[in-house]
Amino acid sequence: MQFEKDEDDELEFLNDNDMSTGDMGGGAFVAPVDVPGGLPADDAGLGPGFIRQSRHPSAAFFHLFFKSLALLVYMFSGLFGFDFIFVCVICILLLAFDFWTVKNVTGRLLVGLRWWNYVKEDGTNEWVFESLENMSEVNANDSRVFWMGLYVPVAVWTGLLVIDTLKLQFQWLIVVFIALSMHVANIIGYTKCSSDAKAKMKNMMDQGTAGFSAMKMFAGSSAVQSAFSGLFGGNSSSQTQSVVV
């Protein structure tokens, strides 16, 4: 028995030309692909690839956004004829936004660190550090974005400091010094916080190693071995004697 083949029942196969031109006879469904260590592809359209691969793309984006915008305004404001007062105010505002964002948000999300410093009643400064208990949970890409976002702008502003000094544009050094002071403050704070976190992890590992060594020494002591041998050895000898009798 043969069945007549209807044209509507025939299977249609897509070739490379159809895929490239989009001629699929209707809207095609494309399954989203998850980005390893980051967000799904539908939500990962913010910024370049190293930002999309972050566990916190928004935090990574704003970690670089304000400092990059401040540099762009400072370097290219002359092309648009902006005066010094306007550029100074805009750059200081952007640098202040960047300082607060890095200190309170991006450091906590990207590398699991947070720091602050306050003056006590006696006039002395006290540093306070917070960090994740397990720093191995920090994503390597996030850590790289965070630390490069701290050190690269300092190098750029230092170069601008040299250029403005050679050009005798001393009034622009006000913006440069403010930028360097804010960036260096975050570098010092996070460097101290990172060192404190490493010291805490080393202390925890040392305590764990010491506890394991103590348990091993306790288990291998002669008193414990004799107690176990007497307990199990006495039962086996009594069982042997009862069988012989």
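A nonpolar core is a set of buried Ala, Val, Leu, Ile, Met, Phe, Trp, Tyr and Cys residues joined through side-chain atoms within 4.5 Å; buried means under 20% relative accessible area, exposed over 50%, and partly exposed in between (1.4 Å probe, protein chains only). The model is predicted, with local features needing pLDDT of at least 70 and side-chain atom pairs counting only at pLDDT 80 or more, while totals for chains, interfaces and linings use all residues. Residues are numbered from 1 along each chain as its sequence is written, and side-chain values use heavy atoms, with hydrogens and water left out.

**Exercise 1.** Describe the largest nonpolar core and the elements that build it.

Solution.
- Step 1: The largest nonpolar core holds 34 residues, and Tyr74, Phe146, Trp157 and Tyr190 have the most contacts inside it.
- Step 2: Two or more residues each come from α3 (57-76), α4 (84-110), β1 (113-119), α5 (140-166) and α6 (173-219). Helices (H or I, at least four residues) and strands (E, at least two) are DSSP runs, numbered from the N terminus.
- Step 3: Take phenylalanine 146 and set aside its neighbours within four places in sequence; its contacts (heavy atoms within 4.5 Å) are then His63, Val102, Thr106, Gly107, Leu110, Val111 and Tyr190.

**Exercise 2.** Find the salt bridges and state where their residues lie.

Solution.
- Step 1: Apply the criterion, a side-chain nitrogen of Lys or Arg within 4 Å of a carboxyl oxygen of Asp or Glu. The structure holds two such bridges.
- Step 2: One joins the side chains of aspartate 98 and lysine 67 (2.8 Å, N to O). Aspartate 98 is in helix α4 and lysine 67 in helix α3, so the pair ties together parts 31 residues apart in sequence. Both residues are buried.
- Step 3: Aspartate 196 and lysine 200 form the other (3.3 Å, N to O). Both lie in helix α6, four residues apart, about one turn of the helix.
- Step 4: Aspartate 196 counts as partly exposed because its relative accessibility is 24%. Lysine 200, at 38%, also counts as partly exposed.

**Exercise 3.** Classify serine 194 as buried or exposed, and list what it touches.

Solution.
- Step 1: Serine 194 lies in helix α6.
- Step 2: Its relative accessible area is 15%, so serine 194 is buried.
- Step 3: Not counting residues up to four places away in sequence, serine 194 touches Leu113 and Trp147.
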